Amino acid sequence: MVHVSLRNFCSITPKFRDYFKLPNNNVLRWFPGHMNRGLKDMENKLRSVDCIIEVHDARIPLSGRNPQFKNTVCGIKPHILILNKTDLIDNKKLPDIEKVVKKEGGANDVIFTNCRDEKCKGVQKVLPTVMQLIRNSTRYNRAEVKEFSLMVIGVPNVGKSTFLNHIRKSNIKKGGGAPTGAKAGITRSVSNRIKVSTDPLVYVFDTPGIWTPYIPDIETGMKLALCETTQDHLVQFLNMADYLLYWFNKNKQFSSILAQWNNWRRAEKFLTLKSIRERWKEILHEIECVFCTIGCHA
């Protein structure tokens with residue numbers, strides 16, 4: 001492996017890329033059959049639902065939210081947007097993120113959570129907020145029904161099932177309501193109702209993560225890939241590492257790279273971005289390869 005001084009590298013680089021290009025754009029078109037079936041099942045169960053809870057990754061609050069939800073699942077039902085994984089972002093930016101997301105519209109309220117934290121105040125806030133929205137809404141065919149039903153929706157691997165298990169454990173002291181995992185596609189069908197509260201009596205439908213069939217641009221797709229909302233083998237680590245370098249250069253984050261360059265090789269950790277922190281060992285090797293082979297053109 002050729003060792004390169006990043007300071008010298010930056011001084012001789014004539015021009016950075018103006019845009020990012022994938023060898024094959026088809027890698028970002030991931031819409032397997034279970035997603036289409038899941039979306040239809042979700043629509044069919046809407047008559048039994050009082051409120052929609054959309055969970056999304058707080059690292060990409062605007063990128064990748066499925067636009068189909070607005071026209072199919074959300075509709076006239078009360079709708080809460082949960083931005084999860086706040087432990088992976090700078091919490092000083094939360095007010096700005098909330099302002100932008102609310103301006104985009106589509107949800108009655110926005111709540112930030114870290115479902116890995118058993119004492120997360122955001123998670124504790126969800127059920128009271130939901131009940132308030134339901135009581136202030138028209139329940140139509142469910143007006144006489146004493147129990148309440150919610151539906152959790154979102155793109156893959158943003159923490160939907162983890163959130164469901166968290167509120168279930170907090171309210172009825174039981175876990176294991178929905179299967180979870182560290183990769184996209186664990187939940188593949190709409191579940192039977194899972195009880196998450198006894199007073200009030202509340203049930204939740206867990207649903208499969210649904211990607212949009214059409215990704216509007218490559219950068220949105222790569223951000224979704226870096227946040228593990230798709231299968232890793234589809235996009236490949238080399239492409240993700242290359243996109244990270246492109247993003248650093250585009251946003252002039254040279255000091256961040258310089259400060260960590262030696263740490264990468266010594267500690268095998270990538271400390272600048274928290275977005276994919278659990279996958280550094282695999283990503284690191286690809287980053288070094290890209291840096292030394294095609295870095296001049298990044």
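Modeller: A nonpolar core is a set of buried Ala, Val, Leu, Ile, Met, Phe, Trp, Tyr and Cys residues joined through side-chain atoms within 4.5 Å, where buried means under 20% relative accessible area, exposed over 50% and partly exposed in between (1.4 Å probe, protein chains only). This is a predicted model, in which local features need pLDDT of at least 70, side-chain atom pairs count only at pLDDT 80 or more, and totals for chains, interfaces and linings use all residues. Residues are numbered from 1 along each chain as its sequence is written, and side-chain values use heavy atoms, with hydrogens and water left out.

Biologist: Which residues have the most contacts inside the largest nonpolar core?

Modeller: That core has 44 residues, and its largest share, six residues, comes from helix α5 (residues 121–135). Helices here are DSSP runs of H or I with at least four residues, numbered from the N terminus. Ile 53 touches, among others, Val 126, Val 130, Leu 150 and Phe 163, by heavy atoms within 4.5 Å and not counting residues up to four places away in sequence. The residues with the most contacts inside the core are Ile 53, Val 73, Leu 150 and Phe 163.

Biologist: How far apart are the end C-alpha atoms of helix α9?

Modeller: The expected span is 1.5 Å times one less than the number of residues, so the 14 residues of α9 (residues 237–250) should span 20 Å. The model agrees with this, the end C-alpha atoms being apart by 20 Å.

Biologist: How many residues of α9 are buried?

Modeller: The buried residues of α9 include Phe 237, Met 240, Leu 244 and Phe 248. The helix is mostly covered, and of its 14 residues the number buried is eleven.

Methods. Helices (H or I, at least four residues) and strands (E, at least two) are DSSP runs, numbered from the N terminus.
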